Amino acid sequence: MMKKRIAVVLMGIFAIAILAMGCGSGAKTQPVKSEPQVLNLFSWADNFSPEVLAAFEKKYNCKINYDVFANNEELLAKIQAGGSQYDLIQPSDYMVSTMIKLNLLEKLDKNKIPNRNNIVKNLQSPAYDPTGDYSVIYTWGMTGIVYNKKYVKETPTSWADLWNPAYKGRVILLNDNREVFGMALKKHGFSNNSIDKDQLDTAFADLKKLAPSVLAYDTDTIKQKFIAEEGWIGTMWSGDASFTYKDNKNIGFIIPKEGTVIWADTFAIPKGAKHKDLAEKFINFMYEPKISAQNYEYIGYNDPNEKAQAFHSKEFLSDPMLKVAVDDVKQGEWLKDIGSGLTLYDRYWTELKTIK
Amino acid sequence: MKKNWRSSALFAYALAILAFLYLPLLILTLYSFNNSRINAVWAGFTFDWYLALLHNRRVIEALTNSLVIATISTIISTVLGTMAALALNRYKFKYKAVINGLLYLPILIPEIVMGLSLLVLFSQASVPLGKSTLILAHITFCLSFVIITVNARLEGMHKDLEQAASDLYATPWQTFRYITLPLALPGIVAGALIAFTLSIDDFIISFFVAGPNSTTLPLYVYAMVKRGISPEINALSTVLMFTTISLIVIAQVLQPQHSTAKKKTE
C-alpha cells in the first residue's frame, strides 16, 4: 500500500522533472538560435504597458526578457558584478552620474534614437547627464506637498506649512534621507545638495521641531495612508499623488514656492551590452508619439514626449497632479551624488528617526 | 478548581501564540479577495486579483522560472544528497566527523553571506549570471537539508534486513535496490520536498545570483512592493504560501505513515 503511494509520488516528481528539463533546455537553446532577437531589460517592476512591450516584440521579431530590481543600489551591484548581461537598464538620475563616473555605461548612438528630439527641451540634457550622451529620460516627477482638503483648509504654498501645529500627528514624510533633508534645506533657501555643515545644522534643528508632529516616515505605503486619510499633509512624488487622487478626490498637490527635488528614471545601456542596437531601437520605439501616449497612460506618470500630447486622453492631460509638475518644472533641483557629504546626512537622519 | 483555571490559562496562551503566528498571514490572504486597491478598507469579495495574475505575462514567467529552477535543483540535490548520506552512514573513514560538520555548515551560515560569496565566486570565475547560477546556488543550500533528512532516516533503520539479504546471496546492488532504497525512500522523498520548498521560497540567495531571464516569484514580489502594496501582491503571496504549506503537509504525511509500515515489516 505504502510502497504504491510512494511510487506514485515519485512518478509524479519524475514526470514533472522530465517536463521541466524539456522546458529548461528548450529555453536554453532558443536564445542561441535567435541570438540577436533577445533584449535583456533590467528595470523597475510594472514599469511599462504590457501591450507596448508586446508591440515592440512583434515589430522587431524579438523577445524581451524583463527582469526587475527594487532600488538603484541593487542595480549598481548587479551591473558591477554581472558584467554585460543586460542590454538596457533604468537607473535614476543620480545613479546615471555615478555610473558614468564608474565607466559603466555605453555612449548612446544619437542617430539611432531620432525620437529623443520629441522630448521636452529642458529634460533633454538634465544636470546628471548634461550632454545626454549616456541616458534618455523615461519617467520623471517632482516632490511636492500632498494634502487632504477636508482637513487642510488653507492651500499650502510653502514647506513651512508642514510645521503648522494644527496638523500635529498627521504629517507623513518620505522615508528617504536626501528627500527629507533636501526639503528642510529648501525651506531655508539652501540647495538640496548642500554639504555645508551650518546649513545642514539649521535644517536638522528645524526637522527636530517637526519630528513630534510626524505620523510616519514612509515611502512604500504612503499612498494608502493618504487614501485612508490617516495622513493629512506630507511630502509625496507627483506620480504617486496622481495615483492617490484617483482613489480619493479630496487630495490636493502643490509644488512649494521655495523649490523642490526633481527626479527621473532613465534608459541607459550598460558597457558591453550584447544587443546594443536592439536596445537603441527600443528607446526610439518608446518615444514614437502614439506608443508613448499609450505607455504613459498605463503607467500614470508625466509623459516627457512633446509630440505625444495629441494622442493623450483628456483625462490624462487634465490630471491636476501631473499638471502641477509640468507647470512648476523649473522649481526642481536634481539631487546630485554628494560623495562623503552623505555621512553627515546619515548621522542626522538616524538621530532624527529616533525622536518621537 | 485551581487546576482548571490553570489549564484554561494555558489554552488561552497557546491560542494567543497561534494568533500571533497566523493572524498576519490570514489578513494577507483575506485582503487578496478585497474588491479595492487599498489594503485599509474592505470593499467586498472578489477573485479579480487572482484572474489578473493569470493574465500577467511577467507573473507567469516568474512562476515558470521558479518551478523550473526548483525542479532541477531538487532532483540534483536529492540524488547527490542521498548518495552523500549513504556514504556518511555506511562507511567509516578518516575525518568523517569533520566532513559531517562541513556538510551541515551551510545551514548555519547566514544566507546573506552565502549569497554574497556565491556572487563573488561566479563573477570571479566569470560565469554569466542567470538560470544556471540560480540552480547551482539552490543545489548548494538544498544539499545539506537533503543529507540531514535522509541521514535521519538511515540512522533509524536496522542493519539486520540488509544483512539478511546478503545472507540470502543478494548482490550489493540487489540489496540496495530491493532493501535499502525502499526503506530509505520516505526520507528521500521528504528531503526532496524540503528542497523543493526551500528553492521555491528562497529570496536572499536568489537576490544575489539572479541574472537575465531568471526573475523568480519571490524576487518579483519584492520588486512589486516598491510600487506600492496592491492586492495582486497579496494574491501572489497567498498562492506562494499555500504551495509551500501543501508541500510541507505532503512531506509530513509521508513520514509517520512509514514508521507504522516499518513496524509491520519488523
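Read along its sequence, chain B of this predicted model follows the pattern α-α-α-α-α-α-α-α-α-α-α, and its secondary structure comes to 11 helices and zero strands. Chain A, by comparison, is divided into domain 1 (37-140 + 264-320) and domain 2 (141-262 + 323-354).

**Chain B as a whole**

- Taken along the principal axes, the C-alpha atoms of chain B fill a box of roughly 70 × 70 × 30 Å.
- Chain B has 266 residues, and 37% of them count as buried.
- Among the contacts in chain B with a separation of 6 or more, 81% are accounted for by residues 24 or more positions apart.

**Helix α7 of chain B**

- Helix α7 of chain B covers residues 160-167, and because the number buried among its eight residues is zero, this helix lies largely in the open.
- Just after α7(B) comes Tyr169(B), a residue that takes a positive phi of about 70°.

**The two domains of chain A**

- The C-alpha centres of domain 1 of chain A and domain 2 of chain A lie 27 Å apart, and the contact takes 15 residues from domain 1 of chain A and 15 residues from domain 2 of chain A.
- On the side of domain 1 of chain A that touches domain 2 of chain A, the elements that give two or more residues are α4 (93-101) and β4 (135-148) of chain A.
- The largest share of that side of domain 1 of chain A comes from α4(A), which gives four residues.
- Sorted by type, the residues of the side of domain 1 of chain A that touches domain 2 of chain A divide into seven nonpolar, six polar and two charged.

**The largest nonpolar core**

- The largest nonpolar core has 147 residues, of which Leu88(A), Val209(B), Tyr220(B) and Ala223(B) touch the most other members.
- Helix α8 (residues 172-201) of chain B gives the most to this core, with 13 residues, while domain 1 and domain 2 of chain A each supply at least three residues.
- In soluble globular proteins, nonpolar side chains tend to be buried together.
- Not counting residues up to four places away in sequence, Ala223(B) touches Trp44(A), Ala45(A), Val68(A), Phe69(A) and Ala70(A).

**Trp237 of chain A**

- Trp237(A) lies in strand β7 (residues 233-237) of chain A.
- Trp237(A) is buried because 25 other C-beta atoms lie within 10 Å, and a residue counts as buried from 20 or more.
- Although Trp237(A) and Met142(A) are 95 residues apart in sequence, they are 5.5 Å apart in space, C-alpha to C-alpha.
- Leaving aside its neighbours within four places in sequence, Trp237(A) is in contact with Gly141(A) and Thr143(A).

**A pair of crossing helices in chain A**

- The axes of helix α5 (residues 177-187) and helix α13 (residues 342-354) of chain A come within 10 Å and cross at roughly 90°.
- Angles of 65 to 115 degrees count as roughly perpendicular, and α5(A) and α13(A) are therefore roughly perpendicular to each other.
- From α5(A), the contact is made by Asn177(A), Arg178(A) and Phe181(A), and from α13(A) by Tyr345(A), Asp346(A) and Trp349(A).
- The residues of this contact of α5(A) with α13(A) divide into three nonpolar, one polar and two charged.

Terms used:
Residues are numbered from 1 along each chain as its sequence is written. Chains are lettered from A and ligands numbered from 1 in the order in which they are written. This is a predicted model: local features need pLDDT of at least 70, side-chain atom pairs count only at pLDDT 80 or more; totals for chains, interfaces and linings use all residues. A residue is buried if 20 or more other C-beta atoms lie within 10 Å of its own, exposed if 12 or fewer, and partly exposed in between; C-beta atoms are placed from the backbone. Two residues are in contact if their C-beta atoms, placed from the backbone, lie within 7 Å. Domain bounds come from an automatic or database domain assignment. Ala, Val, Leu, Ile, Met, Phe, Trp, Tyr, Cys and Pro count as nonpolar, Asp, Glu, Lys and Arg as charged, and the others, Gly among them, as polar. A nonpolar core is a set of buried Ala, Val, Leu, Ile, Met, Phe, Trp, Tyr and Cys residues joined through C-beta atoms within 7 Å. Axes are lines fitted to C-alpha atoms, for helices over the stretch in contact, and angles run from 0 to 180 degrees between N-to-C directions. Angles under 35 degrees count as roughly parallel, over 145 as roughly antiparallel, 65 to 115 as roughly perpendicular and the rest as oblique.
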